[in-house]
Structures are given as C-alpha cells and as structure tokens.
Amino acid sequence: MTNLTRLTVLGSTGSIGKSTLDVVSRHPDKYRVIALTAQQQDGLLFEQCQRFQPRYAVLLDEAASERLSKRIAAAGLDTEVLCGVEALERVSTLPEVDAVMAAIVGAAGMQSTLAAAHAGKKILLANKETLVLAGHLFMEAVHRSGSVLLPIDSEHNAIFQALPRSYAGDMKQSGVSRILLTASGGPFRNTPLSDLQNVTPEQACAHPNWSMGRKISVDSASMMNKGLEVIEAHWLFNAAADDIQVVVHPQSVIHSMVQYVDGSVLAQLGNPDMRTPIAFALAYPERIEAGVAPLDLFQVARLDFTPPDFARFPCLALAYQALRAGGTAPALLNAANEEAVAAFLERRISFLDIARLIEAVLGKIASVEIEALQDLLDADASARAAAREWIAQ
Ligand code: NAD
Ligand code: MG
C-alpha cells in the first residue's frame, strides 16, 4: 500500500491552481502530479511541467499547445502535450489518477468536473459554477460513483469542517438548524451608492482580504459570488434557501459557521489563504502543513457581523430568486453573469449593469425542468445569446 495521491490539476495556472501546486510542493512524498491544464498560458504551464514533471499537460489553445510541445521536447521532459476540451475530460478520468482538483473558472469547467464525478475520482471542488449550473446531475454522479467530494471554496470547506463527520445530507437529523455563510462584503461594502456606477474593473478586482482570479473578484464585488455560494451550499449540504443565512463579516477570519438546535454555533477560523482549504481537502481526513501563517487573534482583535444589504447588492437577491425558482434558472443566472462580468472587464458595460443584465435575462427566458445535461447546455447558450444582445443594444 502506498500513501501517494496521484493528482490532476484542472486550471493549474490560475489562482487556485498555483496555490494547489504550492501545497503539493511542500509534500513531495504524498502527492504526484499526473496532469496539469490551462487555457492558453503556455509559459507558466511549461514552468510547472519542469517543476512537477506531469505525465500530461493540456492546453485549450492550439497555438499555445504547439509552443508548449516544442519547449517540452527541447527540455527533454517526459510530458505528453494534449489540446482541446476532450483532453480535459481524458485527464480527469485516467485510471492512474486518484484525485482531481477542479479549478477551471466558469461553466467551462463543468464537463471535466462532471467527468471526474462519473469516474468516481476524489474531487477537490473549487469550480462552484459546476454546482450552480448542474448541481443535481453532479451530486447524482458523485453519489452513484462513490466519489469523495471535498469543497475548496473557503466557506463550504468551513461548513464541511463544522458539520458532523457522519453528515449524510439531512440537516434535521444532524441537529443542524442553519448554515451561516460569511461574506466579506467585497471592496464596495461601504462605497457610496452614487459612486458605484463609475467603478472600474481595477477597483472591483482589488479585494480587501483575498487575492483571486478576475472573474471571482468581480463576483465578490457584486456579491454574486455569495449568491453562487448560496446555491453551492444548497447542493453540497442539501440545505434549503431559507436555511442558508448570509452574514457579512468584513474581517474574513471566520470562514463560515453551522448553527445547531441546541444553541451551539461551530465556526472555522483562519487567515484568508486558500492553501488552508486546499491542504485540508488534499489530506482529508488527515491534516498537513499548508504554508499558512498561524492566526494571530490579538492582531485580529475584533470580529464584526452585519446582515447583507440586498438593495446595494441586487445580484445576491437574484441568486436566491434563481435557487428558489429551480430548474434551469440557476444555469441562466450563471451564464448571464459570466457574460456580464466579461463585458464589464472589457469596459463594455458598467458595474451596475451586471445586475440589470442578469435580471433582464432571467425575465426574458423562462426556467424549465432539467431532464438531461442538454437542457442545461441549451439554457446556458440561450442566456449567453440574450446577454450578448443586451450588451450590444
Ligand atoms: P483564475 O482565473 O485565476 O484561473 C482559472 C484557470 O482556469 C486558469 O488555469 C485558466 O487557464 C483556466 N481556464 C480559464 N478558462 C478556461 C477554459 N475556457 N477552458 C479551460 N480552462 C480554462 O481563477 P481562480 O480564481 O483560480 O478560480 C477558479 C475557480 O475556483 C472558480 O470557479 C472560482 O469561483 C473558484 N474559487 C476561487 C477562489 C480563489 O481564491 N481564487 C476561491 C474560491 C473559489
Ligand atoms: Mg468563497
């Protein structure tokens, strides 16, 4: 018996991907990287290949994959370079892979994450959009194949840690009364409402506590990130919308809490560093060193809590609304949001337009029941088309 975990890291050049490789590099005796993937950053992917010597490297972009192949050959590395979406699924389902870190951003990460679930891999889930888009199908695949599913999102990782180890998806039976999902409130928590119209992508991406990719940074500024996380918590912990309370906690020291019927509230605390949930998930049920500085409570000194402001952050209300509507509504919400965030980052729409656009798409396209994956792909495509039309107006 070996204790070596063989790993595929989907989205290895991103914020979560890099943090994952940082933790992995601290424990060469425990983890071996089998595959690394990225959209088009062949330079960074090459450096990662040199360092971690994976069996496979996948790029989505063809020109980038040709460049990578040449450099890999010149360096004499034993890494096979693959290209395209099918290759992402292939490296997520290889028999020699034990665990898959799903850290692609957006709906683009869904198919490979679903493939890992069908293949019964241990899944370290950062790609929350998979759950928003295809929560039911994904959880069904996880249960059917016997995948071990570990949340990487810091809030869900905290909730996972605060739930009973035996938790099997029944809040009542476990004596849980509510999930308290903490939110920093992002960079615009106190910005005068009249200034929000003109905020720039740079301001939106300057998160006070966390350093993250650009899409999730904008989501944090609009609090759509918290909305997506409410939907994520719904699927991960089988919690109804009414049982998930968002708590604004600007220090980001408590990563979330679970409230029990006996009056107990269990919280997980730590410095805001994604290497903690990543290390937790990699080593589960053991604990390993993550390179994270110990929490200094005297320096933290105080913890504040306020209710969320739905008028300031309409995206949060839209996400609750989509969760309650069910069917394809969350998929429509997610797709409209991805298009809106991309347009905002390209300075084609204003920050406040993000919520307006999503509301318009949800008003235009009716949610339908999900019978198969195709229903979700159709919803995703129609929401993107409607969003682009709105942006072009
Ligand atoms: P990022 O933008 O930094 O990295 C994204 C990665 O995905 C990169 O490796 C990129 O090459 C790859 N990628 C992008 N588009 C792709 C496509 N179309 N096809 C294939 N690969 C593609 O993003 P991130 O901040 O690391 O976030 C990744 C996921 O983790 C997101 O779903 C995000 O919501 C979630 N998450 C991130 C954080 C964080 O602290 N960054 C925290 C919680 C959850
Ligand atoms: Mg989070």
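## An enclosed helix

In this predicted model, helix α5, which spans residues 110-118, is largely enclosed by the rest of the structure, because 7 of its 9 residues are buried. The buried residues of α5 are Met110, Ser112, Thr113, Leu114, Ala115, Ala116 and Ala117.

The elements that cover these buried residues include the strands β1 (5-10), β5 (99-102) and β6 (122-125), together with the helices α4 (85-93), α6 (128-145) and α17 (373-392). After α5 comes Gly120, a residue whose phi is positive, near 75°.

## Nonpolar cores

The largest nonpolar core holds 94 residues, and within it Phe138, Leu333, Ile354 and Ile358 are the residues that touch the most other members. The element that gives the most to this core is helix α15 (residues 329-345), from which 10 residues are drawn. The core also takes at least three residues from each of two domains, domain 1 (5-151) and domain 2 (326-393).

For Ile354, once residues up to four places away in sequence are set aside, the residues touched are Val218, Cys315, Asn337, Ala340, Phe344 and Ile349.

## An open sheet of mixed pairing

An open sheet is formed by 4 strands, arranged in the order β9-β8-β10-β11, and the pairing among them is mixed. Strands β9 (244-248) and β11 (265-269) stand at the edges and each has a single partner strand, so one side of each is left without a neighbour in the sheet. From one strand to the next, the twist averages 20°.

Strand β8 (residues 176-183) runs parallel to β9, and the two are joined by 5 bridges. One of the residue pairings between these strands can be named: Ile179 has Ile244, in β9, as its bridge partner.

## Aromatic pairs

The count of aromatic pairs in the model comes to 6. One of them is formed by Phe280 and Tyr284, a tilted pair with 5.6 Å from centre to centre and 50° between the planes. Phe280 counts as buried because its relative accessibility is 8%, where the cut-off for buried is under 20%. Phe280 and Tyr284 also belong, with Phe160, to one aromatic cluster.

Another pair, between Phe310 and Tyr320, is edge-to-face, with 6.2 Å from centre to centre and 65° between the planes. This pair links distant parts of the chain, since Phe310 lies in the loop between α13 (297-300) and α14 (314-325), while Tyr320 lies in helix α14, 10 residues apart.

Ser19 is located in helix α1, which covers residues 15-25. With a relative accessibility of 18%, Ser19 counts as buried, given that the limit is set at under 20%. When neighbours within four places in sequence are left aside, the residues in contact with Ser19 are Arg275 and Ile278.

Methods:
Residues are numbered from 1 along each chain as its sequence is written. Chains are lettered from A and ligands numbered from 1 in the order in which they are written. This is a predicted model: local features need pLDDT of at least 70, side-chain atom pairs count only at pLDDT 80 or more; totals for chains, interfaces and linings use all residues. Side-chain values use heavy atoms; hydrogens and water are left out. A nonpolar core is a set of buried Ala, Val, Leu, Ile, Met, Phe, Trp, Tyr and Cys residues joined through side-chain atoms within 4.5 Å. Buried means under 20% relative accessible area, exposed over 50%, partly exposed in between (1.4 Å probe, protein chains only). Domain bounds come from an automatic or database domain assignment. Contact means heavy atoms within 4.5 Å. Two strands pair if DSSP finds at least two bridges between them. Axes are lines fitted to C-alpha atoms, for helices over the stretch in contact, and angles run from 0 to 180 degrees between N-to-C directions. Rings of Phe, Tyr and Trp (its six-membered ring) pair if their centres lie within 6.5 Å; planes under 30 degrees apart count as stacked, over 60 as edge-to-face and the rest as tilted.
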